[in-house]
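Let's walk through this model together, starting with the overall build and ending at the ligands. Keep the viewer open as you read.

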Amino acid sequence: MSNVYVMDHPLIQHKISYIRREDTGSKDFRQMIGEVAALMCYEATRDLKLQDVKIKTPICEMIGKELSGKKMAVVPILRAGIGMVDGILNMIPAAKVGHIGLYRDPETFEPVEYYCKLPADCGERDVFVVDPMLATGGSCVAAIQMLKDKGVKNIRFMCIIAAPEGVERLQKEHPDVDVYVGALDEYLNEHKYIVPGLGDAGDRIFGTK
Ligand SMILES: O=P(O)(O)OC[C@H]1O[C@H](OP(=O)(O)OP(=O)(O)O)[C@H](O)[C@@H]1O
Ligand SMILES: O=c1cc[nH]c(=O)[nH]1
Ligand SMILES: [Mg+2]
């Protein structure tokens, strides 16, 4: 079974409360989503492997450390996932970026695929799938399956707010995928929105409602 890490860092909690507020406008919402993503990326990369490297400072030679693992890619689930990309690239500038377009059908709540463009070598990369919201889990389960179908083996999923129902489904359908959650909320309402949540993340990032 995969691991689920719920963030307890005070800065992350503080910023999530700010974006939850209904009176936070798109400009601040977008900025905070990026900041939370960067902080979560910092927490979610604690286990990256290091190797020794010989370097020379202006003073002397020394053995330093450098990342030794596989190359990485970040894959946002469109649209809302786009809001997390820059924050993660600030931490991992060499990561490549793939895009998976899914929207949730408002009647059936099932994900509908409309776009997929991934780095050609994504099968050789460790992939972070990112989306601010994990509600029923349908979207992230579908996105992760699309990546596995392209040969990606090491996948992590990062979201800012999750419902327990979605986490359970994701763990059941992809037990090999570790999950990084900014805040674990209470339940889904009759429209499958997360309660208390923050509303529709995509609309709030892009100002479309
Ligand atoms: O876990 P689920 O029940 O699948 O719901 C979560 C999905 O819903 C939202 O996307 P939405 O369909 O609103 O698309 P958008 O990002 O274009 O707004 C959200 O960003 C997730 O992708
Ligand atoms: O609460 C929710 C559920 C799905 N998508 C969102 O943007 N918010
Ligand atoms: Mg949306």
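The protein chain contains six helices and 13 strands; here helices (H or I, at least four residues) and strands (E, at least two) are DSSP runs, numbered from the N terminus. What you see is a predicted model, in which local features need pLDDT of at least 70 and side-chain atom pairs count only at pLDDT 80 or more, while totals for chains, interfaces and linings use all residues. Residues are numbered from 1 along each chain as its sequence is written, with chains lettered from A and ligands numbered from 1 in the order in which they are written.

How confident is the predictor? The mean pLDDT of the protein chain is 97, and 100% of its residues reach 70 or more; pLDDT is the predictor's confidence in each residue, from 0 to 100. For the complex, the predictor gives an ipTM of 0.98 and a pTM of 0.96.

Now zoom out. Taken along the principal axes, the C-alpha atoms of the protein chain fill a box of roughly 65 × 40 × 30 Å. Buried residues account for 37% of the 209 residues, where buried means that 20 or more other C-beta atoms, placed from the backbone, lie within 10 Å of the residue's own. An unreviewed UniProt entry carries the annotation "domain: Phosphoribosyltransferase" for residues 6–208; such annotations may be inferred rather than shown by experiment. That span is 33% helix and 31% strand, and its end C-alpha atoms lie 29 Å apart.

H99 stands opposite K117 in β7. The two strands form a hairpin with six residues between them, and F109 in the turn has a positive phi of about 65 degrees.

β6 turns up again at ligand 1, where β6 gives the most to the shell, with three residues. Of the 23 residues around ligand 1, R104, A135, T136, S139 and G202 come nearest; a residue is near a molecule if its C-beta atom, placed from the backbone, lies within 6 Å of it. Elements giving two or more residues to this shell include β4 (72–78), α4 (138–149) and α6 (201–206).

Finally, look at ligand 2. The residues around ligand 2 include M133, A135, Y193, D200 and G202.

Definitions and conventions: Pairing = 2+ DSSP bridges. Buried ≥ 20, exposed ≤ 12 C-beta atoms within 10 Å, placed from the backbone.
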